[in-house]
Amino acid sequence: MANLKKLSIRNATKIQKAAIKNIAPWVVEHLVGKKLAKNLEIRFQVMKGLMELEKLEGMTSWEDDNHKPREFMIEIDKSLEIEDFILTMCHELVHVKQYATGEMKDLFKGPHNLVWRGNKLNTLVNNIPYWEQPWEIEAFGREQGLYVMWKEANHLKDCESFEKCLKFL
C-alpha cells in the first residue's frame, strides 16, 4: 500500500471512507511516484449539496503554495453513487498530480488565471470552455483507467462494483 504524508477524511459514509483509504494512496503513487507521494497531504471533505452549490461533483484546491503545492483539499459531493464517487475521486487526484508536479499553477487562488505546462492562460479571456480545458481533458481521460488499474493491481478486475470488491480487501 502506498503512503501519503497525511490522508484525512471528513463527513464520508463508511463505504466512501473505505474507497478513499483503499484507492486514493494507490492512485497518487501511480500518478506521481513514491517519493513525491510521501510528501503530499490530502484532505477529503465529503459534502452534502456540492452539486447544488457549485454545479460540480468534486473540486480540488491547494492549501499551501501555488508553486508545486504539497497540501490539498478535495471536496466531493456526498450524494454520488459509490462508483461515480470513485471516478470523481480519481479525476480530482489527477488534478493533485497536475498541481504537485508543477504542470498546472494558479497565478493566484482562483479558477481563471493559471499556467498550464508553461503557458499562461485565463480561461475567461482565452474563452476556453470547460470541456476543452486541457487539464480537464486529462482528468476525464484518466479517471476510469485509474480505477480499472487499481482493481487489476489488487486482483479485483472481475469485481462488478466496489461494494463487492470490499470483501476481498
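This is a predicted model: local features need pLDDT of at least 70, side-chain atom pairs count only at pLDDT 80 or more; totals for chains, interfaces and linings use all residues.

Me: How do you know that the structure holds 0 disulfides?

Reply: The criterion is a pair of cysteine sulfur atoms within 2.5 Å, whereas the sulfur of Cys90 is 13 Å from the closest cysteine sulfur, that of Cys165, which is too far for a bond. The count of disulfides is therefore 0.

Me: Why is Cys90 called buried, and what makes Cys165 buried?

Reply: Buried means under 20% relative accessible area; Cys90 has a relative accessibility of 0% and therefore counts as buried, and Cys165, with a relative accessible area of 0%, is buried as well.

Me: What makes up the largest nonpolar core, and which helix gives the largest share of this core?

Reply: The largest nonpolar core has 48 residues, and those with the most contacts inside it are Ile23, Phe44, Ile86, Met89, Leu93 and Phe162. At least two of its residues come from each of several elements, including helix H1 (14-32), strand E2 (41-47), helix H4 (82-100) and helix H5 (134-153). The largest share, 11 residues, comes from H4.

Me: Which residues is Phe162 in contact with, leaving aside its neighbours within four places in sequence?

Reply: With those neighbours left aside, the contacts of Phe162 include Ile15, Ala18, Ala19 and Ile23, together with Ile82, Glu83 and Ile86, and also Tyr147, Trp150 and Leu169.

Me: Why are H4 and H5 called oblique to each other?

Reply: Their axes are 8 Å apart and the packing angle is about 130°. Angles of 65 to 115 degrees count as roughly perpendicular and those over 145 as roughly antiparallel, with the rest, apart from angles under 35, counted as oblique; H4 and H5 are therefore oblique to each other. The crossing of H4 and H5 is right-handed, and among the residues that make the contact are Ile86, Cys90, Val94 and Gln98 of H4 and Trp135, Ala139, Arg142 and Tyr147 of H5.

Me: What makes H1 roughly perpendicular to H5?

Reply: H1 and H5 pack at an angle of about 110°, with their axes 10 Å apart. Because roughly perpendicular covers 65 to 115 degrees, this angle makes H1 roughly perpendicular to H5. In this packing, Asn22, Ile23, Trp26, Val27, His30 and Leu31 in H1 meet Arg142, Leu146, Tyr147, Met149, Trp150 and Ala153 in H5.

Me: How do the axes of H1 and H4 cross, and which residues make the contact?

Reply: The axes of H1 and H4 come within 10 Å and cross at roughly 35°, and H1 passes H4 in a right-handed crossing. The contact is made by residues including Ile15, Ala19, Ile23, Val27 and Leu31 of H1 and Ile82, Ile86, Met89, Leu93 and Lys97 of H4.

Me: Why is Asn11 called partly exposed, and why is His155 called exposed?

Reply: Exposed means over 50% relative accessible area, and partly exposed lies between that and the 20% limit for buried. At 43% relative accessibility, Asn11 therefore counts as partly exposed, whereas His155, with a relative accessible area of 75%, is exposed.

Me: How do you know that Trp135 counts as buried, and which residues does Trp135 touch?

Reply: Trp135, whose place is in helix H5, has 5% relative accessibility and so counts as buried, given that the limit is under 20%. Not counting residues up to four places away in sequence, Trp135 touches His95, Gln98, Met104, Leu114, Trp116, Leu121 and Thr123. The C-alpha atoms of Trp135 and Arg117 are separated by 9.7 Å, and the two residues are 18 residues apart along the chain.

Notes:
Residues are numbered from 1 along each chain as its sequence is written. Side-chain values use heavy atoms; hydrogens and water are left out. Buried means under 20% relative accessible area, exposed over 50%, partly exposed in between (1.4 Å probe, protein chains only). A nonpolar core is a set of buried Ala, Val, Leu, Ile, Met, Phe, Trp, Tyr and Cys residues joined through side-chain atoms within 4.5 Å. Helices (H or I, at least four residues) and strands (E, at least two) are DSSP runs, numbered from the N terminus. Contact means heavy atoms within 4.5 Å. Axes are lines fitted to C-alpha atoms, for helices over the stretch in contact, and angles run from 0 to 180 degrees between N-to-C directions. A crossing is left-handed if the near helix is turned anticlockwise from the far one by less than a right angle, and right-handed if clockwise.
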